Amino acid sequence: MSDLFSKFDPLIEQRSALLESGITDPFNLVMEKVQSPTVAICNGKRTILLGTYNYMGMTFDSDVVAAGKKALDEFGSGTTGSRVLNGTYSGHKAVEQALKDFYAMDHAMVFSTGYQANLGIISTIAGKEDYVVLDIDSHASIYDGCAMGNAQVVPFRHNDIDALEKRLKRIPEGAGKLVVLEGVYSMLGDVAPLKEMVAVSKANGAMVLVDEAHSMGFIGEHGRGVAEAQGVIDDVDFIIGTFSKSVGTVGGFCVSNHPKFEILRLVCCHYVFTASLPPSVVATAATSIRKLMDSAGKRAHLWENSKRLHAGLRQLGFTLGTDEPQSAIIAVIMPDLEKGAAMWEALLNEGLYVNLARPPATPAGMTLLRCSLCALHSDEQVGEILGMFAAAGRATGCIS
Ligand SMILES: Cc1ncc(COP(=O)(O)O)c(C=O)c1O
């Protein structure tokens, strides 16, 4: 019998070697207590959180928490059923209405996660005879959605407008085409040139889907994302998003103005053949989304945090993923996994949590320390963070 696990041997060996060096496991940290969106207790120690997707700090918002508790009391802990059977409660309709209002769009469909939203929408609308043209750095859920739908997958170089155009022009006349883009790419925190890419896609007869997972709530005048900020939201056919980042809970969605959109509720397996989100989750999401509509002050503060951290890290001598701050994610590029893990641990010992990211999640084989800011990080905390980076960077030899 051949061992189906033997394909994982290289990763098992790499992981063992890293842990044998005595380093804390960077992929097994426990949050023993979470005190706020920006502070937790880890290994018994106060730790500033700079590696969550809690961009707008909604997880402890008193209205959001109260809505969840009320729904738990009134509707119970779960629906135990699919949206198309017994799993549509008034809260599911309310959160879909909140999304329609937030995006000013006609249709909204909620999934159990953002991952499932990409799987479901892409695999359902792009079938065997169709083409999906996607940025090579797309999230795993986008690739998996393509694989499930049997469409021809045509990747193009990251954020390269000419490469996108060339790929589109090679597709046979009359074939169905879906261009899949992300607003913010989550590894380096860079934004897509959506204005140009949406124009090129439309000129070549393609529909456009934009995953705005990392921009919702923060980027754009109303927090609708990069498509809004670049003035092309009306030309985007489908926006995918998640409740697991700025909204502060769990769930995924697609919003659209497509007149036939509602049929997806009957043909999309990832919506039909799974239980719907618990009432407490949709209640927290709806409350959070409505509050995000009125969060211009928090958006402005988050931009300030992003600019200050980017400038400060650069000044300390770190190499960053973008020349300018483009989002709430600032990626610090490490020379290799060993150095990255050592720096990650030194930061943790200082009292700072960031994400250690490594291939295959990262582009071009990079090891990254991904910092994601929150609108509730105070000016003092950003100062503390920079002090910790300076100390850990010097202790590990990452900076001089
Ligand atoms: C671009 C992108 N799309 C989708 C997802 C999936 O979101 P969820 O956590 O809701 O499954 C993520 C998660 O990190 C993401 O980065």
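Which residue in β14 stands opposite Leu49? The residue is Tyr353. The legends below describe a predicted model.

**Figure 1. Residues around the ligand.** The ligand takes up the space of the largest pocket.

Figure 2. A backbone N or O atom of Gly114 is placed 2.7 Å from an oxygen atom of the ligand. For Tyr115, a backbone N or O atom is 2.9 Å from an oxygen atom of the ligand. His214 takes part through its side chain, with a polar atom 2.7 Å from an oxygen atom of the ligand. The ligand taken alone exposes 390 Å², and the protein buries 86% of that.

Figure 3. Strand β2 spans residues 39-42 and strand β3 spans residues 45-49; the two pair in the antiparallel sense over four bridges. Two of the facing pairs can be followed by residue name. Val39 has Ile48 in β3 as its bridge partner, and Ile41 stands opposite Arg46 in β3. Two residues lie between the strands of this hairpin. In the turn, Asn43 has a positive phi of about 50°.

**Figure 4. The pairing of β3 with β14.** Strand β14 consists of residues 352-353 and runs parallel to β3, to which two bridges join it. Here Leu49 is found opposite Tyr353 in β14.

**Figure 5. The whole sheet.** Four strands make up an open sheet in the order β1-β2-β3-β14, and their pairing is mixed. Strands β1 (33-34) and β14 stand at the edges with a single partner strand each, so one side of each has no neighbour in the sheet. Within the order, β2 comes between β1 and β3, and β3 comes between β2 and β14.

Conventions. Residues numbered from 1 in each chain as written. Predicted model: local features only at pLDDT ≥ 70, side-chain atom pairs only at ≥ 80, totals over all residues. Heavy atoms only, no water. Polar contact = N/O pair within 3.5 Å; in protein donor to acceptor, adjacent residues only side chain to side chain. Areas by Shrake-Rupley, 256 points an atom, 1.4 Å probe, with all protein chains shown as cover. 1 Å grid on protein atoms, 1.4 Å probe; cavity = no way out; pocket = protein on both sides within 12 Å on 5 of 7 lines; lining within 4 Å. Sits in = over half its atoms within 2 Å of the grid points. Pairing = 2+ DSSP bridges.
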